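Thank you all for coming; I would like to take a few minutes to walk you through one model, moving from a single contact out to the whole chain. Please have a look at it while I talk.

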Amino acid sequence: MAEASGGVAGTSAAMTAREALERLRGAQKAAKGVSLYSRLVNRPVGRYLAAGSYALGLTPNQVTLVSAVFSFTGVALLAFAAPAWWAGGLLWLALAVGFAFDSADGQLARLRGGGSPAGEWLDHVVDCAKITALHTAVLVAFYRHPEHFGIGGSDGWLLLPLGFLFATVVTFFGGLLTEKLKPGPAPGSAPPAPSTLRAVALLPVDHGVFCLVFLLLGGGPLFLWGYGLLGAAAALYLPLFLVKWFRELDRPVAAAA
């Protein structure tokens, strides 16, 4: 009897998850300004996680905390474990799953009828803490294992994660502030069509692509140069983003004048 009961419960949960998944397919955010990785990988995976979380009765805030657990597990592994191929694989997996749950919390909130200011606050605080902690952990790894990464006694390489962190945090904050300050679309207007070219161009500054570089952790100098190239991309994109966002916010003021 216990086995039969468990089977019925499992079937019910599966049906609920499938129904939630169907509803989520028709309630996705606009794809404009989203990289190809987020559009084709992270959002679809997050959709399945959101449907499963809905079936389990989790709240969006709980899903945000699950995302934080995975992400900070990866951060701890980077900071305290010896850099090796196996550590890089586990680190990438923890960060990638955390990023997928980061997408799932918002999708789950929409599925449940909308999020709350407190939930949005928690999501952004966790994102900012994750970004800060991850680049700080890279700095710690460089400091603890300079020979592995091929930087020897050159302390100048320690500036790399600091510069990468600066570019990433300013980009994160600038994009978030622009989203809050920019006027919303007119009621009933169709969402803008996504650009495949733009989605490809955004790949170097996508968090999911950034997570992939940790697969090179065991390669020492390979990781250093891969991380450095993504850091250079973040620094190059930053002024482009800032100019674009400023113009978007300045346009309504100029029109009103």
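Before I name any residue, let me say that a polar contact here is a pair of N or O atoms within 3.5 Å, where, within protein, one atom must be able to donate a hydrogen and the other to accept it. Please also keep in mind that what you see is a predicted model.

With that in hand, we can turn to S38, whose side chain is joined to the side chain of D206 by a polar contact of 2.7 Å. S38 is placed in helix 2, and, leaving aside residues up to four places away in sequence, S38 touches R43, P44, F99 and D206. Is S38 buried or exposed? Because buried means under 20% relative accessible area, S38, at 11% relative accessibility, counts as buried.

Helix 2, which covers residues 36-56, also holds V45, and V45 is partly exposed, with a relative accessible area of 38%. Together with L40 and V41, V45 forms a nonpolar patch on the surface, and the accessible area of these residues together is about 240 Å².

Let me now step back to the whole chain. The protein chain has 10 helices and zero strands, and buried residues make up 40% of its 257 residues. Among the contacts in the protein chain with a separation of 6 or more, 82% are between residues 24 or more positions apart. Finally, the accessible surface of the protein chain comes to about 13,800 Å², and carbon and sulfur atoms account for 71% of that surface.

Key
Residues are numbered from 1 along each chain as its sequence is written. This is a predicted model: local features need pLDDT of at least 70, side-chain atom pairs count only at pLDDT 80 or more; totals for chains, interfaces and linings use all residues. Side-chain values use heavy atoms; hydrogens and water are left out. Patches are made of residues with over 30% relative accessible area and no salt bridge: like charges are joined within 9 Å, nonpolar side chains (Val, Leu, Ile, Met, Phe, Trp, Tyr) within 5 Å. Accessible areas come from the Shrake-Rupley method with a 1.4 Å probe; for residues, only the protein chains shown count as cover. A salt bridge is a side-chain nitrogen of Lys or Arg within 4 Å of a carboxyl oxygen of Asp or Glu. Helices (H or I, at least four residues) and strands (E, at least two) are DSSP runs, numbered from the N terminus. Buried means under 20% relative accessible area, exposed over 50%, partly exposed in between (1.4 Å probe, protein chains only). Contact means heavy atoms within 4.5 Å.
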